[in-house]
Amino acid sequence: MSATAHAPAVRRVAVIAGVGGYVPPTVVTNRELTSQLDTTDEWIRTRTGIVSRHMVSPGTATSDLAVEAGRRALESSGEHSVDTVVLATTTPDHPCPATAPEVAHRLGLGDAAAFDIAAVCAGFLYGLATAAGLVAAGTAERVLLIAADAFTTIIDPADRSTAIIFADGAGAAVLRAGTADEPGAVGRVVLGSEGGLADLIQVPAGGSRQRSRGIAPAPGEEFFRMRGRDTYRHAVERMTSAARQAAALAGWEMATDIDRLAAHQANARILTAVAERLGIDAERCLSNIAQVGNTGGASIPLLLAEATTSGELVAGHRLLLTAFGGGLAWGATTLVWPDLKTC
Ligand code: COA
């Protein structure tokens, strides 16, 4: 046997090589919402931290947002090619087929493998784990991971507890095969779920449960519903515990080893509670919820793209990601931010 046959195999990991974000141009302020809903700018600011959000215009779909974010991530990576496209979304263009193949086609990515994953607001973390697994197995060399949601398309515009929070946007990352010691290498990803609490966040109609009844859905069943108080409590608990587990797997101490926390932008009060429990001061927390609201799965990659552009996130920063959403589903991971340009 040759000497190389005995050499320890170098573990292939997924390394972030590009990042991009996109929000649709229409901005909706709290004041504009007060003309349709029984709410106030002050209530929304103090309970959620949101000041304005972006919303798709009529006829715009999730793929339109995903294509823009994906294009920017590919440009950021400096190479317009991938062999796999993974799209995390709760608002696919159609119930069938998946939206990712259309996105890959519109980006001119040839016959790249393309599929959707559904993990609601934890979609980017589930997507990172999926991409990392594909790379580690040698199934993929370069993956375009996009998380995009036209969330307002499933929101009841008359429901004041959800219409003030959820918004539209997309974020994306290019992942290439590399080694664990490189900046950008995705650390171990912690994932979890609790399906016994599926009814906390749910769109009751439109799936096989309702369609097999053979009768039209009851009014409002096609809209997103959320039990806000319970969701709040579980979001804080799960994002905190997943973040702790991910940091421990990386051997990082909260007090000294984390330069930036990028948590799912669910609600500013949830973000404050998570950061306080973790012992991470506000200066180390990235946040854009005031301007973009809760953009579902897009939240974290959109935040990373914006923070890279603004310089709040720079090469060498040790970063902790944590997310929570419907399912319930959650996830967290760590990485050292690489030197990226944004477009
Ligand atoms: N404007 C004014 N009043 C509102 C309101 C609004 N937009 N939305 C709810 N209210 C009212 C309720 O009707 C209720 O009134 P009542 O006491 O007369 O019944 C009161 O405010 C308190 O409602 P509650 O739902 O208990 O408020 P809250 O402080 O929990 O805030 C949320 C509501 C939705 C903002 C909050 O529960 C939340 O942020 N939950 C988590 C949401 C989230 O992050 N989801 C995403 C996870 S991925």
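**Close-up views of a predicted model**

View 1. UniProt assigns the feature "domain: Beta-ketoacyl-[acyl-carrier-protein] synthase III C-terminal" (unreviewed entry) to residues 256-337. UniProt positions follow the numbering used here, feature names are shortened, and annotations may be inferred rather than shown by experiment. Residues are numbered from 1 along each chain as its sequence is written, and side-chain values use heavy atoms, with hydrogens and water left out. The model is predicted: local features need pLDDT of at least 70 and side-chain atom pairs count only at pLDDT 80 or more, whereas totals for chains, interfaces and linings use all residues. Residues 256-337 are 35% helix and 24% strand, with end C-alpha atoms 16 Å apart. Helices (H or I, at least four residues) and strands (E, at least two) are DSSP runs, numbered from the N terminus. The feature "domain: Beta-ketoacyl-[acyl-carrier-protein] synthase III N-terminal" (unreviewed entry) is listed by UniProt for residues 115-195. That span, residues 115-195, is 17% helix and 33% strand, and its end C-alpha atoms lie 23 Å apart.

**View 2. The shell around the ligand.** The ligand is surrounded by 23 residues, each with a heavy atom within 4 Å of it; the closest are T39, R47, R160, R229 and N267. By class, the shell holds 10 nonpolar, eight polar and five charged residues. Here Ala, Val, Leu, Ile, Met, Phe, Trp, Tyr, Cys and Pro count as nonpolar, Asp, Glu, Lys and Arg as charged, and the others, Gly among them, as polar. Helix 3 (41-48), helix 8 (228-250) and helix 10 (268-278) each contribute at least two residues to the shell, and helix 8 gives the largest share, four residues. Domain 1 (13-178) and domain 2 (190-336) each provide at least three residues of the shell; these bounds come from an automatic or database domain assignment.

**View 3. Arginine side chains at the ligand.** A polar side-chain atom of R47 is 2.5 Å from an oxygen atom of the ligand. For R229, the distance from a side-chain N or O atom to a ligand oxygen atom is 3.0 Å. A polar side-chain atom of R269 lies 3.5 Å from an oxygen atom of the ligand. Of the 950 Å² of accessible area that the ligand has on its own, the protein covers 74% (Shrake-Rupley method, 1.4 Å probe).

**View 4. The annotated active site.** UniProt lists C121, H264 and N294 under "active site" (unreviewed entry). These residues span 174 positions in sequence, yet no two of their C-alpha atoms are more than 8.9 Å apart, so they gather at one spot. C121 sits in the loop between strand 5 and helix 6. V120, in the loop between strand 5 (113-117) and helix 6, has a positive phi near 45 degrees.

**View 5. Cis peptide bonds.** Most peptide bonds are trans. The bond from C96 to P97 is cis, with omega near 0 degrees; P97 belongs to the loop between strand 4 (84-88) and helix 5 (100-106). The bond from G327 to L328 is also cis, with omega near -15 degrees, and L328 lies in the loop between strand 12 (318-325) and strand 13 (329-336).

View 6. E141 and R12 form a salt bridge whose closest N and O atoms are 3.1 Å apart (a side-chain nitrogen of Lys or Arg within 4 Å of a carboxyl oxygen of Asp or Glu). The partners are 129 residues apart: E141 is in the loop between helix 6 (123-136) and strand 6 (142-150), and R12 in the loop between helix 1 (3-6) and strand 1 (13-22).

Methods. Polar contact = N/O pair within 3.5 Å; in protein donor to acceptor, adjacent residues only side chain to side chain.
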